Structure formats: C-alpha cells, structure tokens
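Colleague: I'm new to reading structures. Please take me through this one, feature by feature.

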Amino acid sequence: MNQFQRPLSRREMLGICKCGFGSLAMLGMFGSLLPSCSGVEAGKNQLLDHLGAGPIPPGFVPRAKNIIFLYMDGGISQVDSFDPKPRLAKENGEDPAKKFKMDATQFGDVGKILKSPWQFNRYGESGMEISELFPHIGTCADELALIRSMVSNFPEHTNANYFLHTGSGLQGRPSMGAWVNYGLGSENSNLPGYVVLDGGLIPPGGLDNFKNGFLPAAYQASLLRAGAEPLANIKPLDSIAGIQEEKLAFLKKRDQHLLQSLDGNDAIEAAISNYELAYKMQSSIPELTEFKEESEATKKLYGLDSPDPNTRNYAAQCLLARRLVERGVRFIELTCPDIGGNADRWDQHSNLKDGHERNAHAVDQPIAGLLKDLKLRGLLDETLVVFSGEFGRTPFAQGTDGRDHNPSAFSMWMAGAGIKGGTIYGTTDEYGYRVVDKPVTIHDLHATMLHLMGVDHKQLTFRFGGRDFRLTDVHGNIVKDILA
Amino acid sequence: MQLNPEFSLFVGRFHPLLVHLPIGLLSFALVLHLIQWKKKSARLTEALTILWLLAAVSGGLSILTGWLLSSGDGYETETLERHKIGGILVAVLSLVVFITYLIQGKSQRAAFPILRLTGIVSAIGAMILTGHWGGALTHGGSYLTEYSPFAASDSTGPAGSTARQIRELDSAYLFEDAVLPILQAKCVSCHNEEKTKGEYLLTSHTAILKGGKSGAGVVPGNLATSELYRRISLPEDHKEFMPTDGKTPLTEEQKAILEWWIETGAHQQQRVTAFTPNAKQRDELVRFFGLDQQAVAGYVAPAPDPSAINALLNNGYQVNLLTRTGNLLEVKFNGKGSSRPDLSLLVAVKQQLVWLQLENCQLEDADLTALAPLTSLFKLNLNRNPISEKGLTFLPALTKLEYLNLYGTQVSEAGLPLLTSLPALKKLYLWESKVDQTKIDSSKLTGKLELVLALDTLVP
C-alpha cells in the first residue's frame, strides 16, 4: 500500500501546526476565554467531550431550536399584502411627484399613484389588517409578529438577496443558515443542518445566497429539489447492497491513514464527514420525502389536494419543512415555486393583480397549514417561522399596472418560538413608501433570529482575513418588542 | 435686570458647575487655617486673604446663577429657601472674613480676631449645609441615605421601592404592584415630594389622580382626558412628551399596563385578576412580573456525571446541552415507532434534565412511573405513545412542568382535572387524543393554560 504514501507539502506542514477542523466553531464561541489553539483542546468542557462532536451549546436558554425561512423572492408589495394604505385609494391616479419626494427607481418608468386592487380585512383578536390575498394566513394573525418597518440597503435583486441572506450586499459571505449551522450544529447526524427546499426558482444571485462563504464547507446549504429525486444520486448505484458499504469502508480507511500522516487536515476531515453524511442520506432522504405516514387531513390542511399545481408544489415543500424540523434540521429555507406565465416570482413590474394573485394563491394555504400543523404538534413552540422578501414595492405604478422596487419600506412577519403573536411593529408613511417609525434593518432581523436561537450575534464570530467576522457585521439590534 | 427666560435658564444651569468653586476654596482655606493654628506665617496670611476674596467672588457668582436657575420651576420651595439663605450667608461671611484681613494689612496682629474666627467657622458650616440642601434639590432628599446599611429596610418613602416579588399572577394588585412601580421607575425622580415638576406628584393614588399644573392627572375610565396618559403616549420628539430631557421613555408594555389600569377605572386596591384580563393582557402581565423568566432561565444544575451521559448515548438517546453554562440538558429519544428507550437511565441526570422528548416510543402507562423522579423537567413530550390518563398519575411530582405534549395519545377528558391542576403548566397539547371537546368544562380552565386540541380551537 506504499503507493498511497507521499511526502508532506509545505502547506500541509504548516497546517499541522494549527488546529483541526472540529475546533473552529469552539474558537469562535469561546475565543475570548481560550486564548490559544491548544487551550481549546485542553479547556473543552468535560461534558462536551462526552457529547462527542455534538452541537455547540448556545449562550442562553434558546427559545427556538429551528428556523423555517419562507423566502418571498422578488419583493412582495407591502401595500397590497400587510400594510394597508387607504390614502392610495383616495389619491389613485394622481401624480406622486406632487405628493412626496421620490427616489430614483430601477426602471424609471414612474406612473401614477396606484391603489391596491385588494381589500384588507381584520383578523384575530389582535385585529391585524391583512389583504384578501392571504385569507388563510389571516386566520393565523394572532400567531404573527408583523414588522411593517423593514428597510433594505439595495434596490436591486441580486445585492438585496445577498444582503438578506448573508448580511452583506456583495457575493461571497456565509449565509445566515450557514452561520446558524456553524454556531449550533445539526441535531441529526443523518441530515445536513441547513437545507434549502427548492420550489423551482433559485433567487437572483444564485446558490451564493446559500453558501458557507469563508466558513468550513460542511456548513453550506444542501439543496433538495421538488420532485421524484430531491437530491442527485440519492439512490445507490450499486445494485448489491454490500458492495457500496465495502467500497466506502475502504475509502475511509485510506482517508484516515492520510489524515493521520498529516496529523489532522481540514479538507480531509470535511471530505470524510461528507462521504459519511452522503451515505446516511441515501437512507434518510427517501424516508423523509415519503408522505405516506401523513394523514389525509394533514395533507389537505397544507393544500396538497389543491387544483392549483403551484399550491400543491409549495404545500409539499411546507410539509417537508415540518418533517425536517421533526428530524432536528436547524435551518430550512423555502424558495418560491415557479408559477410560470409572465409572473416572474413576486417581481411584478407589470400585471400586479394577476402576478401577485397567483403567487399568493400558491403560498397562502400551505403556509397557514404549516403554522397550524406546527401548532397542533407542539412544534411551533420551538420553531421560528420567518416570512420575508428582499425589499418592498413602490406605492405608485410602474407603467400603468405594475410596481417598481422599493428598499425604503417593506413588511415581513415572524411566528412561533419566542414571538409575541398579534404584534404589529413599526409604521410607514401614509403612502407606505418610507418608514417613519421604528425602522428595522436586515442586521436587526438577523440579530433577532440568532437571539431566538440562543446565540448572541456579537459573539458568533469567525476569524478570516485577519478579522473576526459576524453575520451582523458591526450592526444589529434585537427587536425586543416582538419577543414574548 | 430683565433676561428672557431661556437665556436665564442657560446661564442658570452653570450653577451646579460654579458652586464647587467656593466649596473647594473654602475647604482649602480651612486647611491653611489649621496649619496656621500654632505657627503664624505672613506668607500664609497673604494666601488666605486672596482665598477668602476668591471665595466671596465665586460665592457671589454662584448666587447669581442659582437665582436664575431657580426661576425654572419644579423645586421644593422649603429646601430651596434654605439653600438660598445658606448660599447668601456663605458669600457674605466670606466677604466679612476677607475684610478683616484687609483691615489687618501688613500688621502682625489680627484685626477683630473673634469676629474673624466666628466668620470662618460659620462660613464653613453654612457651606456644608447649603451644599447638602443643594444636593437634596437635585437628587431628592433620600438620595444620600437610600442605600445606607443603617436605613430602615421596610422604608416606604418615595424613593424606597414598593415593588414586591410576585410569584403568582393571582396575588398581584394592579395599582400597587404594576402601576406604582412603573411610575417609580420612570417618573418619580422628578415628581416627588421634594422636586415636584409641574406641581404633579406621582407617589400616591390620590395625587396621581389629582394631577398638577396641566389639569387632572388621571380620569378613571377615560384615557383621552387623562393628562398622564396623554403625555407618555405623545411622539417622543413632541415638546410635551414625558419623561422629558432624554430620560428613558416607558416601554410599550408599561404603557399598555397604565392604559389598561386607567380604562378599567384606575382603582387603588384591586387584584389584577379582578379585571378579567384577556389572554394577551395576561401574557403582558406575566412578562411584566417576570413570571415567564422564573422557570428555566434562572435554574443552574450541578455538572452531570459523565458516565450517566455515556450510558444515555450508548442506549440510543440524543443528549444536547441547552446552554453554555447551567448544565441544563435536553434528552431525546425518537423510537420511530419500533424501539423503546430504557427510562431507568434518566434518573442519573434528573437534576440536569429539563427537556425530555420521548416521541413515538411505544411507551405504555406502566412505563411512565419511571418519570416521576425527574422533577427538574419543564418540558415533556410524550406524543404518539399508546398511553392514557391512567399513566399520568406521576405528573403532580413534576412541579416545574410548563409544557406537556400528549398529542396522538389515548388520554381522554377524564385526565383533564389532573392536567389542569398542575401548578406550572402553561401549554398542553391534546390534538388527536381521546379528549372530547364537547365534554370540556371550560370554566375549569384557568387563563394561564393554553390548551391546543384541534384546528377549530386555533382559528378564532
């Protein structure tokens, strides 16, 4: 077997002088307590040793154990969904330039003030006003903490997506799911800790929205597609079961050998754990995506029997999300279904009525079903559900029947673990164009999400390029008023 | 001299800065006098002459600025009067002492030695008293002794906190335990007996209702005409917003409690529960009294026995550390409907175990007695096990239990009296159990318990 032996490279030699893969998160969390690499090993909590390579315990008792992020790709219009503005109806068709100062828009095709084509109804004990686009979500109003004062820094999809997902408008930073995964680890050794359920549309900016950035590769999202084969090569290729096992055992032995000769190496450790996880997923994924143990009533609750194929698609993703939560996956993001036609995600630069209506119909019942199903099973108590786009839309028309991008104000909501249901936070002006009270930035949102997971956003750091990086950079205030 | 009021206040606010000059100068003069007690020195006498002159001049300036400051209202008049007289006395006496030095000139013999000695002693005495009264004006009379170890501990004075620890929502009074402590924290530093800004006193029920210069403080049952509520609910940048001067405003929660108190009649002696709070108000009160924090957050367990944890891990349990400190454990066993956990292993970590999840483990009634020693549990999942209310008799031992998940079990409404009597229970999940919704006596359910039964009870 000597042909597998080879001399050390300079880089590997240097690597031996540093620490192994497993201590990275420890360093981030306990960096201030444990000054040197060797100190990390020596100072590790005895209990942690006995818990093996399990998750890193959070700083305080967490309210949430999992996050389901319902990503409303394209920028849902706040004045048509969660932020009613009667003044738009009164001044419908008037010239917005005479009413307020306008920022430049993406397409510059500024039309008249455009009233919402939808009525708003009051829901729940809280009397929260939600548009008739979301009759099902409306029935869950008392579970929601609605933030009407979100602001973003970018008026364009790609940057705004990176900003929402990674806390930076530029490509290449770790996604919030990767940070959570890095900070807390997966509770399930058979599934990755960060899963993106791909409904059919990868958001602008591509997979970099879900990447690990400078964090170790194991923390990036695993993408599960809707359909028969959610993951490539999930069915074993070897027809005889034992053969695959033998092959893997041999590979592992060789890798271990190499690892020993290098006295630990990030890349090899990551590769070994990836192989192991991939093998385990060949059995865990088919079990996960089979819905046969779900009752008809549950499937109906999500809308799996809907005549609308997009509703069925999103319903399957939502049900899958609940099943992932049950299996201890930390961070699950759902992307939007591809509803086809001329409606590109929620990005209705024209045909607002048709596009928003079809998008809303696809997600409304499945999301309400998810909230109710989680509630019934006692899971909403430990799961944070987040519903957000990357920015909002203008209260005036683009052309005659669309709306352009608006990062100065948009609405989003959270529900579940640690959230004070029936809360409305922040206010926009009478047109819903700008935030006038209690603005909430993306950094604030991230800080709040991490807080609910029991992680102090200021302490979750990773040293890269000579600097300790955080998901919230140097920003972020927890939105305390929406917390239970 | 006619100054516009804003300018006079601007100058006046230099008073707290200037008053420390005469204090320092006089203290220094006292030191020099003590040095000169036995051995006279011409050099020291020269220095003292200048010191007393400077003390008189800076004292005069302090009087001037103090006068201007007192034109802004809100100071307790009696103390203010004493402070004024004391301050004038300090300056005048300093001048007198200086004059005796002036008359003495180069001579070795002191002029009017008795007058000088009296002047020195009384100037310094007056300075100490005046300084104290000034402090009382700014910080309130009890500021100095509030944290004194000799102070009476059951003090109910204006600065002594009246908030008592509430353990049960039912035992709390709305005014005494919620409204008054809020006002204490946010308002009383300017609206007390000594410093009554706007002539509004916020230390007693009668005074709060009565109001001050701007009219009635609180009109029972009427938010709109209650000046107190109007002031705290204005936009923060409004001129009349309270608390003013950049002090911390009331939180939404605190405002909600005041609002609720006024709306329900602003009573003085009524228990919180007498107003039949709805679920949301109940939540707010629970948070206000910190009742939600009392369960797990403050609990710290001793470090667990490593061999006990190993035994759990080796028997198919999943063990998670819930916090970095505190040694609180979450233990899970997912039987997936086929394997059964060995419950006897759990006793070894009973002090650390706060969350236990035993979903779908084929547990039966007889197995559950093994859970009785786990008294630290605050969250327990027994969902989807073939158990009935007969197996739940161990539950009263779990006095900290807040969350109990029994969905998908055989528990029927016969188990409800036991379940609803659990002292700490807040959430009870009974979906797809044998509980018949129509047979639930809703009057027996207390407001603090959230019962999740079926879909239609979720949707209002």
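Modeller: Let's begin with contacts: two residues are in contact if their C-beta atoms, placed from the backbone, lie within 7 Å. In chain B, take the contacts with a separation of 6 or more: residues 24 or more positions apart account for 60% of them. Counted that way in chain A, the share is 75%. Keep in mind that this is a predicted model, in which local features need pLDDT of at least 70, side-chain atom pairs count only at pLDDT 80 or more, and totals for chains, interfaces and linings use all residues. As for labels, residues are numbered from 1 along each chain as its sequence is written, while chains are lettered from A and ligands numbered from 1 in the order in which they are written.

Colleague: How many helices and strands does chain A have, and how many does chain B have?

Modeller: Helices (H or I, at least four residues) and strands (E, at least two) are DSSP runs, numbered from the N terminus. Chain A has 14 helices and 17 strands. Chain B comes to 14 helices and seven strands.

Colleague: Why does Leu416(B) count as buried?

Modeller: Because Leu416(B) has 20 C-beta neighbours inside 10 Å. You'll find Leu416(B) in helix H13 (residues 416–420) of chain B. Leu416(B) sits 24 residues from Ile440(B) in sequence, and their C-alpha atoms are 8.2 Å apart in space.

Colleague: Now a helix. How far does H6(B) reach from its first C-alpha to its last?

Modeller: The expected span of a helix is 1.5 Å times one less than its number of residues. H6(B) has 27 residues and reaches 39 Å, close to the 39 Å expected. Its buried residues include Arg116(B), Ile120(B), Met127(B) and Trp133(B). Among what covers the buried residues of H6(B) are H3 and helix H5 (77–104) of chain B. After H6(B) comes Gly140(B), with a positive phi near 95°.

Colleague: At what angle do H3(B) and H6(B) cross?

Modeller: Axes are lines fitted to C-alpha atoms, for helices over the stretch in contact, and angles run from 0 to 180 degrees between N-to-C directions. Here H3 (residues 20–36) and H6 (residues 113–139) of chain B cross at roughly 145°, their axes coming within 11 Å. The contact involves residues of H3(B) including Leu26(B) and Leu30(B), and residues of H6(B) including Ala123(B) and Ile124(B). For sorting the residues, Ala, Val, Leu, Ile, Met, Phe, Trp, Tyr, Cys and Pro count as nonpolar, Asp, Glu, Lys and Arg as charged, and the others, Gly among them, as polar. This contact has eight nonpolar, two polar and no charged residues.

Colleague: And sheets? What is the strand order of the open sheet in chain B?

Modeller: Strands of a sheet pair through backbone hydrogen bonds, either parallel or antiparallel. Two strands pair if DSSP finds at least two bridges between them. The order in chain B is S1-S2-S3-S4-S5-S6-S7, seven strands with mixed pairing. At the edges, pairing on one side only, are S1 (318–321) and S7 (450–452) of chain B. From one strand to the next, the twist averages 10°. Inside the sheet, S3 (residues 353–357) and S4 (residues 379–381) of chain B pair in the parallel sense over three bridges, and Trp355(B) has Lys379(B) as its bridge partner.

Colleague: Which residue in the hairpin of S3(A) and S4(A) takes a positive phi?

Modeller: Gly124(A), near 70°, in a hairpin with four residues between the strands. S3 (residues 120–123) and S4 (residues 128–131) of chain A pair in the antiparallel sense over four bridges, with Phe120(A) partnered by Ser131(A). Gly124(A) counts as partly exposed because it has 18 C-beta neighbours inside 10 Å. For another hairpin, look at S16(A) and S17(A): two residues lie between them, and Gly465(A) in the turn has a positive phi of about 55°.

Conventions. Buried ≥ 20, exposed ≤ 12 C-beta atoms within 10 Å, placed from the backbone.
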